[in-house]
Amino acid sequence: MVLALRLDNWAKRIAVLAVLFVICAILGFFAISHFIINTVSDDGFVVLRATLISAAAYFPHSSRLQARLARVELAEALEEADLARAESAALSAVRLSPWNSNNQLLLVSVRNLQGDMAATETAMRAAVKLAPHSAQAHWQLANLLIRQDKLDESLKEFQLAVASDLGSSLLPGTMDVVWNLSEGNVDKLAQVVGTDPQKRLMLAQYLLKQSRLIEAVALYKSIERGTLLDSPAATEFLNALMTAGQHELAKDLWDYLVAAEKSAGGQSLYNGSFEKELIPALSQFDWKIAHSEYAILSLDAAAAHSGKRSLRINLTGRDTTVLGKELSQTVVVKPGTRYRLECYAKTDRLITTEAIHIAVADSASSAPIATSNPITAESSDWQPYTLDFVASTKSKTVLVTIRRTPRFSYDEPSKGTVWLDDFTLREAGQSQ
């Protein structure tokens, strides 16, 4: 279908031109208005306050202009007149764009400066309703409720705030607020944190800093092992316990983390036969193997006193061989209690001018407490080694290690191979 417009006289032509002119004028007006509104309402565009007031008055139906005017007036609300204009602009922005939560938050700010807590809470709840997933909105409502001494009501809002994507960044401040206002009520803190494992671990670390050890440990052990194993924060928590000197608690949690079986016969030392893989991140109470220029340590599946593996020590032949940090395990002991350490060792082509010993040292100072008989070159087959010691009354942990201490500043290099296996550490009775 074809529409034909006959402009066969000047009257018709003038009428069509007039209509086109009006349409163009209207479109131009809307384009210019749109440009002005977008420019003036942009917070990144510097505009005089008087210009903004004039623009808002000229375009009273622009929620964006009214919102920016409200923000500017709030920033300069030092006089009652300024606050009145901010209130009017904020109310206009809310009326023109009732589904915009940011406009409601502007009204919240106005009501807050006016000191009307009831009206502020009403506006704040309206903003939360419009943005139920906004962490900032829930956070502001929670703090507003705190200011009105409504701690129990605020807990739900804090929980919703920290449950969001921004929750981890908000959680430290939230815990401080709830901790101080609830006078250290752990149940209220747990209510805010909820069931998220990572946040519960953060709470456990927080409680540790507050010296609430029993609650911190209980919270830690309430988290599934697999989740803890995947989280670097889990080992950080263990390290923090050890730094605080809480070795018994740390050992209990470490046992839970690695699923350590209860040792038969009162065995205190872990992985004494080297059958379990060594995990550096979880070496708090397992064997630690450190780099050394004097020896190379490895697990050997080709030689074992029992089981399938042993520890192999290849001496590198470097002059003035010093051993002490290459192998160690931290063991929790009872102060003042007598212990017996037993193990097996064998050697191959061992050459050394100073003896190599199994040793027990103080965890804090690394000073030797007791040493075994020397491991000699004649030990070509597995030989037992035993040492007795009494745990210090001032320490709850000892280090099981190997030692070679040169008598002089220089001695001949040590060469050859030493294997160690089947370590046991058991109580031998109370010291007198």
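I began with the rings, and the structure holds nine aromatic pairs. I keep in mind throughout that this is a predicted model.

**Entry 1: the rings around Trp254**

I looked up Trp254 and Tyr270. Their ring centres are 4.8 Å apart and their planes stand at 85 degrees, so I note the pair as edge-to-face.

Next I checked Trp254 against Phe285. Here the centres are 5.9 Å apart and the planes are at 65 degrees, so this pair is edge-to-face too. The cut-off I needed for that call is an angle over 60 degrees. Phe285 is in the loop between α15 and β1, 31 residues from Trp254 in helix α15, and this pair also links distant parts of the chain. Phe285 is buried, as is Trp254. I can therefore write the three down together: Trp254, Tyr270 and Phe285 form one aromatic cluster.

While on rings, I asked what lies over the face of Trp419. I found Lys346 there, at 5.0 Å from the ring centre.

**Entry 2: the whole protein**

I stepped back for the totals. I count 15 helices and 10 strands in the protein. Of its 432 residues, 43% are buried. The exposed surface comes to about 23300 Å², and carbon and sulfur atoms supply 56% of that. Among contacts with a separation of 6 or more, 66% are between residues 24 or more positions apart.

In soluble globular proteins, nonpolar side chains tend to be buried together. With that in mind, I went looking for the cores here.

The largest nonpolar core has 44 residues, and the members touching the most others are Leu189, Leu207, Tyr220 and Phe237. Helices α7, α8 (151-162), α9 (167-181), α10 (186-193), α11, α12, α14 and α15 each supply at least two residues of this core. I also found a second, separate core of 34 residues, which includes Ile375, Phe389, Val398 and Val418.

I then took Leu207 on its own. Leaving out residues up to four places away in sequence, Leu207 touches Trp179, Val186, Leu189, Arg212, Glu215, Ala216 and Leu219.

**Entry 3: helix α12**

Ala216 and Leu219 sent me to helix α12, residues 213-221, where the buried residues are Ala216, Val217, Leu219 and Tyr220. Why do they lie on the same side of α12? They cover an arc of only 160 degrees around the axis, and that puts them on one side of the helix. I looked up what covers these buried residues, and the list includes α11 (197-209), α13 (225-229), α14 (232-243) and α15 (247-258).

**Entry 4: two positive phi angles**

I searched for residues that are not glycine but have a positive phi. Ser211 is one of them, at about 60 degrees. Ser211 is placed in the loop between α11 and α12.

Asn271 is another, with a phi of about 55 degrees. I found Asn271 in the loop between α15 and β1 (288-289).

Are these two buried or exposed? Ser211 counts as exposed because its relative accessibility is 57%, whereas Asn271 is buried, with a relative accessible area of 7%.

**Entry 5: Trp139**

I went to helix α7, residues 135-147, for Trp139. Its relative accessible area is 19%, and the cut-off for buried is under 20%, so Trp139 counts as buried. Apart from neighbours within four places in sequence, Trp139 is in contact with Phe158, Ala161, Leu170, Gly173 and Thr174. I also looked up the C-alpha distance from Trp139 to Ser154, which is 8.9 Å for two residues 15 apart along the chain.

**Entry 6: Ala428**

My last stop was Ala428 in strand β10, residues 415-430. With 43% relative accessibility, Ala428 counts as partly exposed. Which residues does Ala428 touch, not counting those up to four places away in sequence? I found Arg338, Tyr339 and Arg340. The C-alpha atoms of Ala428 and Leu341 are 9.5 Å apart, although the two residues are 87 apart along the chain.

Conventions:
Residues are numbered from 1 along each chain as its sequence is written. This is a predicted model: local features need pLDDT of at least 70, side-chain atom pairs count only at pLDDT 80 or more; totals for chains, interfaces and linings use all residues. Side-chain values use heavy atoms; hydrogens and water are left out. Buried means under 20% relative accessible area, exposed over 50%, partly exposed in between (1.4 Å probe, protein chains only). Helices (H or I, at least four residues) and strands (E, at least two) are DSSP runs, numbered from the N terminus. The arc is that of the directions from the helix axis to the C-beta atoms. Contact means heavy atoms within 4.5 Å. Accessible areas come from the Shrake-Rupley method with a 1.4 Å probe; for residues, only the protein chains shown count as cover. Rings of Phe, Tyr and Trp (its six-membered ring) pair if their centres lie within 6.5 Å; planes under 30 degrees apart count as stacked, over 60 as edge-to-face and the rest as tilted. A charge sits over a ring if NZ of Lys or CZ of Arg is within 6 Å of the ring centre and within 35 degrees of the ring normal. A nonpolar core is a set of buried Ala, Val, Leu, Ile, Met, Phe, Trp, Tyr and Cys residues joined through side-chain atoms within 4.5 Å.
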